[in-house]
Amino acid sequence: KKLVIPATKPGLYFLLNLNWATRWKEWVDDLSVDDPDNQEIDNRYLLCEHEKLVYDPSIFWSNPKKKHFTLVSADDWTMLIELYDGGPEIKYQVRPNSENTSQPPLCKACIEKREAMEHEQDLQFTSGTLYVIIKDNPKNKSTSRPRNAKQRKKHEISKVNSSDTIEQLKLLICEVLDIY
């Protein structure tokens with residue numbers, strides 16, 4: 001059976017550990033991948049030490065790069081729990097024209113703490129990529145201006161780190177663009 005990822009229509013949904021769901025989907029798509037049959041669903045990391053929700057389901061659709069869970073229908077949750085066991089069960093009720101609710105409820109203090117930690121981690125990186133996009137000078141009438149971003153020249157500078165100084169970044173840009 002294929003999991004149906006719900007839209008924002010009203011109803012009862014359940015949060016499901018995204019890592020587990022991804023492994024399960026890989027197995028469904030390619031049976032040569034290890035069967036997740038021995039791996040029960042583990043949603044514990046979605047909860048804090050207060051046994052409250054540390055991720056806000058209401059922002060599920062707003063930041064796909066920071067997803068830690070997916071939403072599944074009540075029918076899919078029941079089927080998965082019957083097959084794989086695990087939990088804990090985390091409900092998310094989407095209501096028309098009113099505030100959505102989760103059970104267990106959100107832990108605002110732990111959400112703020114987690115978001116601050118994630119922000120700090122985002123600022124500490126190694127082997128990042130810097131893109132330099134060259135735009136035509138609008139004062140230079142002799143050349144035609146690119147009409148869209150695809151026509152602009154994009155240069156990639158790999159392996160930049162959060163510890164690189166502005167001076168180091170300027171030197172890297174000059175090197176890549178052959179500016180001396």
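Reply: Two strands pair if DSSP finds at least two bridges between them. Here strand E5 (residues 91–94) and E6 run antiparallel and are joined by three bridges. Strands (E, at least two residues) and helices (H or I, at least four) are DSSP runs, numbered from the N terminus. This is a predicted model: local features need pLDDT of at least 70, side-chain atom pairs count only at pLDDT 80 or more, and totals for chains, interfaces and linings use all residues. Residues are numbered from 1 along each chain as its sequence is written, and side-chain values use heavy atoms, with hydrogens and water left out.

Me: Which residue in E6 is the bridge partner of Lys91?

Reply: The partner of Lys91 is Gln103.

Me: What is the order of the strands in the open sheet?

Reply: The four strands follow the order E3-E1-E5-E6, with antiparallel pairing. E3 and strand E6 (101–103) are the edge strands, as each pairs on one side only.

Me: Which residues of H1 are buried?

Reply: Buried means under 20% relative accessible area, exposed over 50%, and partly exposed in between (1.4 Å probe, protein chains only). In H1, Trp20, Ala21 and Trp24 are buried. Seen down the axis of H1, its buried residues fall within an arc of 95° (taken from the directions from the helix axis to the C-beta atoms), so they line one face of the helix. Asn19 and Asp29, on the other side of H1, are exposed.
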